[in-house]
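Please look over the sequence and the model shown here before reading on.

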Amino acid sequence: MKLFALLLDRIIDRVNVNLRGLGFDVRPYVRVMAEYRYGGCSFACYGLSTYHPIHLQFNNSSLSGSYFLGRCKVRHSVLMRSDIRGDELKKKGQLWQSGDVAIPLYHDEIITIRNSFLDTTLVHSNSHSPESPEEFHIRNTVAMPYANIHGAPTEGSFIGTFGTVDLTTVHNCVIGHFAYIQAGEVRHEKFEPGTIFLRSPGSWEFHYQYDLSVLDKYIRHEEGEAPEGLFIDFAEPYEDAFAGLFGSARGGLYPAGTGSFVSRYAVKRGDTVIGDNVLVAQRSYLENATMSRGSNAQEKCYVIDSVLGPCCVAAHGAKIVGAKLDEKVFIGFNSFLRGTEEAPLSIGKGCIIMPHTIIDLEEALHIPANRLIWGHIRSAADLETHTVDLDEFASGSGDVHMGRMCFRGDTGDFVRGFRDRIEHILLENGAYWDGHEKDKGHAQNMKYLTFNIIQPYADGEAEGLYPTIDIRPIS
């Protein structure tokens with residue numbers, strides 16, 4: 001384990017140098033999580049299909065229990081139970097649109113991870129940086145458990161537990177636990193825990209700040225300690241179920257409708273029904289769940305005693321318990337929806353649940369169709385300051401202040417952009433597939449994935465590190 005310890009020191013030093021201006025030290029976070037969670041001899045897996053050719057390089061790294069798909073390069077990094085999903089990387093010859101500029105790509109895009117520590121972190125999609133359209137990079141970065149790095153090149157930064165950076169280039173920032181940032185680009189900023197900040201430069205800004213005394217019940221992470229709270233208590237017991245699946249490269253197919261894909265690294269229990277054109281990604285947990293036609297459960301989603309109507313989107317890390325969702329409901333990153341038998345939750349058609357929303361009911365609740373939903377909701381009374389009709393909101397003008405939420409700018413552009421993104425997700429995932437080859441999405445293209453198991457050194461100074469490997473397509 002000597003080389004692993006040296007690797008941790010290297011990562012800590014690199015990240016701390018980048019964060020010196022913010023006075024933030026990642027050492028106590030990295031040390032406690034490495035000791036608390038590390039499984040040095042766990043397998044890692046690499047997915048392969050005709051749509052996802054093999055291209056994997058790594059050296060001086062540990063990949064404990066992690067999953068890879070698409071072109072990836074990992075150097076001097078520690079990955080624990082993380083998902084590196086490159087199925088939407090851009091291709092050579094493609095014209096990539098950034099604002100008003102079309103940028104030609106001269107190489108296939110690749111995910112590169114260097115001098116970083118990612119604990120139970122999802123990395124997905126592609127770079128949204130015009131400066132590096134062919135490289136989705138994560139450098140000198142620490143990400144805590146259940147963080148999301150989605151289309152967000154990240155350098156010299158810390159992302160807290162259940163934190164998300166989405167479609168944002170991040171330089172030398174601290175993202176607090178359960179904070180969600182989608183802002184185009186951020187530099188040298190510190191975002192407090194529970195900050196929900198979305199910005200389209202020159203058009204609009206959405207800001208919501210959780211009351212930390214409320215947030216502490218759900219998630220808190222103090223320096224030098226393991227994270228605690230209801231979210232951790234909810235998620236951690238399911239990790240053993242996933243660990244058993246990742247010990248093998250093969251598993252049986254789960255009964256599903258035409259055009260559907262259910263990952264062999266997802267857990268399916270109880271009376272679970274999978275309709276047509278459904279995508280269920282790895283590390284998703286379904287129990288007594290109904291996934292209607294075109295719906296999806298992305299990585300780290302939990303759907304328990306719940307019904308997702310047609311074309312519902314459960315984004316990465318969403319938790320849905322005791323709920324019935326009508327058609328085309330969007331559930332944002334790391335949201336937590338919990339109803340019970342005594343207090344069931346139902347959500348109407350076309351609702352948009354903002355990322356990092358908490359709906360934790362103390363009474364039965366129905367949310368009407370076509371609502372924008374955010375923040376912390378316990379009862380019907382909370383809807384007055386935490387929801388708004390989408391069409392009314394889009395047609396309004398001027399700043400909007402509701403409770404702890406503040407919106408400035410073009411409401412119509414905000415709603416159009418969100419709806420367009422939901423349609424893009426549904427198309428990419430194959431929700432509308434009608435049998436034609438050209439219209440296939442992830443649910444159809446991932447059906448014939450095969451997996452390769454990668455193993456580390458089991459003892460000695462290099463215990464927990466993986467042999468240097470460079471596997472590329474034959475040219």
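In which strand is Gln57 found? Gln57 belongs to strand E2, which covers residues 56-59; strands here are DSSP runs of E with at least two residues, and they are numbered from the N terminus. The model is a predicted one, in which local features need pLDDT of at least 70 and side-chain atom pairs count only at pLDDT 80 or more, while totals for chains, interfaces and linings use all residues. Residues are numbered from 1 along each chain as its sequence is written, and side-chain values use heavy atoms, with hydrogens and water left out.

Gln57 has a relative accessibility of 10% and therefore counts as buried, a term that means under 20% relative accessible area, whereas exposed means over 50% and partly exposed lies in between (1.4 Å probe, protein chains only). Its side chain is joined to that of His55 by a polar contact of 3.3 Å, that is, a pair of N or O atoms within 3.5 Å, of which, within protein, one must be able to donate a hydrogen and the other to accept it, and residues adjacent in sequence count only if both atoms are side-chain atoms. When neighbours within four places in sequence are left aside, Gln57 is in contact (heavy atoms within 4.5 Å) with residues including Cys72, Lys73, Ile110 and Arg472.

Strand E1, residues 44-48, is mostly covered, with four of its five residues buried. Two strands pair if DSSP finds at least two bridges between them. E1 pairs with strand E44 (residues 450-454) in the antiparallel sense over five bridges, and there Cys45 has Ile453 of E44 as its bridge partner.

Elsewhere, eight strands form an open sheet of mixed pairing, in the order E23-E26-E28-E30-E33-E36-E39-E41. Strand E23 (261-262) and strand E41 (387-389) stand at its edges, and because each has a single partner strand, one side of each is left without a neighbour in the sheet. Within this order, E33 (residues 330-331) and E36 (residues 352-353) pair in the parallel sense over two bridges, and Phe330 has Ile352 of E36 as its bridge partner.

As for the cysteines, the structure holds zero disulfides, a disulfide being a pair of cysteine sulfur atoms within 2.5 Å. Cys311 is in no disulfide, and the nearest cysteine sulfur, that of Cys312, is 8.0 Å away. Cys311 counts as buried because its relative accessibility is 9%, and Cys173 counts as buried at 0%.
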